[in-house]
Amino acid sequence: MSSSIPSSVSYEPTGQRLPVKTGPLLELENLSTHYVSSGGTRVVRAVDQVSLRINAGETLGIVGESGSGKSTLALTILRVLPPAARIVEGRMLFDGEDLVQKSDAEMRHIRGKRIAMILQDPMASLNPLFTIGDQVAEPIRVHEGAGRATAWQRARDLLKSVRIPSPETRVTQYPHEMSGGMRQRIVGAIGISCEPRLLIADEPTTSLDLTIQAQYLNLLRELQRAHGLALIFITHNLGIVAKMCDQLAVMYAGRVVESGPVSRIFNAPVHPYTEALLNSIPRMGDSAQRLTAIEGQPPDLAALPRGCAFAPRCDRVFDRCRVEAPPEFAPAGRRTARCWLAAADSTPSDMLVQSGTA
Amino acid sequence: MAIQTEIIGLPPRSRSRLAALRFGDFPLIPVLILGCIALVAIFANLLAPHNPEIGSLAARFKPPFWQTGGSTKYLLGTDQLGRDVLSRLIFGARVSMIVGFTAVIFAGVIGTTLGIISGYLGGWVDQVIMRLTDSWLALPGLTFAIFLAAIVGPSMWNIVIILAVTYWTRYARVIRGEVLSLKEREFVRLAIVAGCSKWTIMQRHILPNVINSAIVLGTLMLGVVIITEATLSFLGIGVPPPQAAWGLMLSDGKQSLMVGRWWLSVLPGCCIMLMVLSANILGDWLRVKLDPQLRQL
């Protein structure tokens, strides 16, 4: 598993050979996506004022509880939101172009071609009525107008690159004839079929058992390295984050409460929520103790508290937290934190961005 | 991995699509029956012993040959105008085949298309199509058919059109429901995030997944359509009278059923039943064979 992609694969990554553009591949600025009820009476702030950046070839992990807006953020980036959701403000600069301003037709050419996504349940991501070859070839035919024969040949190469044995026969088989791990890798192959710059993986391993999980994560890393992919990895598994990611963004109640390099956040979390999350990981050796849980429930996104959303559950809460929501502070070293505790030793990140310290 | 699949004992699978349609459970009898009806319909002029539309009044109400009073000249007896029942059944097969299948196919095409568009696009498109379907369903079907028949006049092809525009709503309803659940499936979402357009998704991912239901519904509708054709004929706005049609014969025979002339209605009834039943069984087999997951079982 540790060897690199077989050299026979005709998938010469083209993207990362080019001189890397200055600036991040994807930069989200103050992005907000709200779900609005039909009468306009209830507004759910699923994604609220999110600012993130990811460079080419980097892996950004996004963690958070269920309902913290992780998946909505992914759908926002691809602009495939359900009808009730609206991007209400912000910009999404991808290669310097603002995705928020793109027309639907333009977005369709970006989806699958330049930004690809692996869904939460890859096991069900394959159409039961079509052969594997048809489905892997589909994006190639849609986006590159390739003929059936060419697309199928590339599908075979792709299957080989995700280590499907005997791809020549596998392409003519149907999804139900594959094991779960194989289907997963096939979905991965579909994801990279048009050599995207950015791959968004939304909890791709939740439906897999642990050994297959590890294999799949290794495979993703190899694909990332071979193709110079930027990877956004959405998960609630901090172990996977530690293994996979360079950068980490912790989401709580639709906001990024802390972001920065994984190692720094793991070693010295600034936000109490991040700290609590890290403490809730079971560790080998201290089985005698009870697991630490975060008391309370995540807040209702339609009725957020006036101050910091985490204040009701925070054990280091003080008066200011309850009345005023903290802005995004930037402690040293490409980090941000939405917490008044970070106010002392940092400047608000707006100032940081303007001074160009990235 | 390939070796593993061998070990867990899956039968080695043939790669050819044709071979995959295993013929062990092929519904031979229904196909034979349908084939016979089709052949009879095609070669009606050669097979029929008498003219189906002209009878001799001297030979009215002859019973089938095995009953007393019957003769081998009229194998299945004669009707109230002295027309040979066998010849009428043979020519009726032609009408029933054409009316039944074409009406079902037309209705299916209209209904499936609208159902997919309505279910997948949702929003105001869905509202418009579904309200149209609702009001269509609220119309009394038979009265509507009579109304249409009165406008366009009785002829076999008009009956086909009338039946198609009367019955497409059932397809639209059923197919829309299927589409609603299909479009939440992950493979449709994957197609969306892979950049497929709505039309591509409807064509490539939705249609193939609902076509099975449409076929099964079609085989069930075949019976309904043939019976409606009979009703319309009975009311005098179906297939115009001297022409032979099973439904028409069934209705014509109804009055004399009470006085023991069973052959006038029972025989066309049997023909209708055989055809509908065969179509149902064939449709069920097709449904299984069209689904790659069931195909192997």
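Predicted model: local features only at pLDDT ≥ 70, side-chain atom pairs only at ≥ 80, totals over all residues.
Strand E9 covers residues 247–252 of chain A, and E3(A) pairs with E9(A) in the parallel sense. Four bridges make up that pairing.

E3(A) has another partner. Strand E8, residues 230–235 of chain A, runs parallel to E3(A). Five bridges join E3(A) to E8(A).

How many of the five residues of E3(A) are buried? Five of the five are, so the strand, residues 59–63, is mostly covered. The side chains of a regular strand alternate between the two faces of the sheet. In E3(A), A:Thr59, A:Gly61 and A:Val63 point one way. A:Leu60 and A:Ile62 point the other way. Residues of both sets are buried.

Now step back to chain A as a whole. Chain A contains twelve helices and 13 strands. Of its 358 residues, 46% are buried. Take the contacts in chain A between residues at least 6 apart in sequence: 64% of them join residues at least 24 apart.

Next comes an open sheet of chain A. Four strands form this sheet, in the order E2-E1-E4-E5, with antiparallel pairing. Which strands are at the edges? They are E2(A), residues 43–54, and E5(A), residues 97–98; each pairs on one side only.

Strand E1, residues 26–36 of chain A, pairs with E4(A), residues 85–94, through eight bridges. These two strands run antiparallel. E1(A) is also joined to E2(A) by eight bridges, again antiparallel. In E4(A), its bridge partner is A:Met92. In E2(A), A:Leu52 stands opposite A:Leu28.

E1(A) and E2(A) form a hairpin, with six residues between the strands. A:Gly40 sits in the turn and has a positive phi of about 75°. H1(A), residues 70–78, lies across E1, E2 and E4 of chain A. H1(A) runs at about 70° to E2(A).

Chain A also meets chain B. The contact involves 27 residues of chain A and 20 residues of chain B. On the chain B side, helices H9 (186–193), H10 (198–234) and H13 (292–295) each supply at least two residues. Which helix gives the largest share? H9(B) does, with six residues. By class, the side of chain B that touches chain A has ten nonpolar, six polar and four charged residues.

H10(B) also packs against other helices of chain B. Start with H12(B), residues 263–290. The axes of H10(B) and H12(B) come within 8 Å and cross at roughly 175°. The two helices are therefore roughly antiparallel to each other. From H10(B), the residues that meet H12(B) include B:Asn212, B:Ile215, B:Thr219 and B:Gly223. On the H12(B) side, B:Ile272, B:Val276, B:Asp284 and B:Arg287 are among them. The contact of H10(B) with H12(B) has eleven nonpolar, six polar and two charged residues.

H5(B), residues 85–121, is another neighbour in contact with H10(B). Their axes come within 7 Å and cross at roughly 145°. The crossing of H5(B) past H10(B) is right-handed. On H5(B), the contact includes B:Ser96, B:Gly100, B:Ala107 and B:Tyr120. On H10(B), B:Lys198, B:Met202, B:Val210 and B:Glu229 are among the residues that take part. The contact of H5(B) with H10(B) divides into 16 nonpolar, five polar and two charged residues.

One residue shows this contact in detail. B:Val104 has its place in H5(B). Why is B:Val104 buried? Because 26 other C-beta atoms lie within 10 Å, and 20 or more count as buried. Not counting residues up to four places away in sequence, B:Val104 touches B:Gly218, B:Met221, B:Leu222 and B:Val225. B:Ile226 is 122 residues from B:Val104 along the chain. The C-alpha atoms of B:Val104 and B:Ile226 are separated by 9.7 Å.

Note on methods. Residues numbered from 1 in each chain as written. Chains lettered and ligands numbered in written order. Buried ≥ 20, exposed ≤ 12 C-beta atoms within 10 Å, placed from the backbone. Pairing = 2+ DSSP bridges. Contact = placed C-beta atoms within 7 Å. Nonpolar A, V, L, I, M, F, W, Y, C, P; charged D, E, K, R; others polar. Axes fitted to C-alpha atoms, helices over the stretch in contact; angles between N-to-C directions. Parallel < 35°, antiparallel > 145°, perpendicular 65-115°, else oblique. Left-handed = near helix turned anticlockwise from the far one by under 90°.
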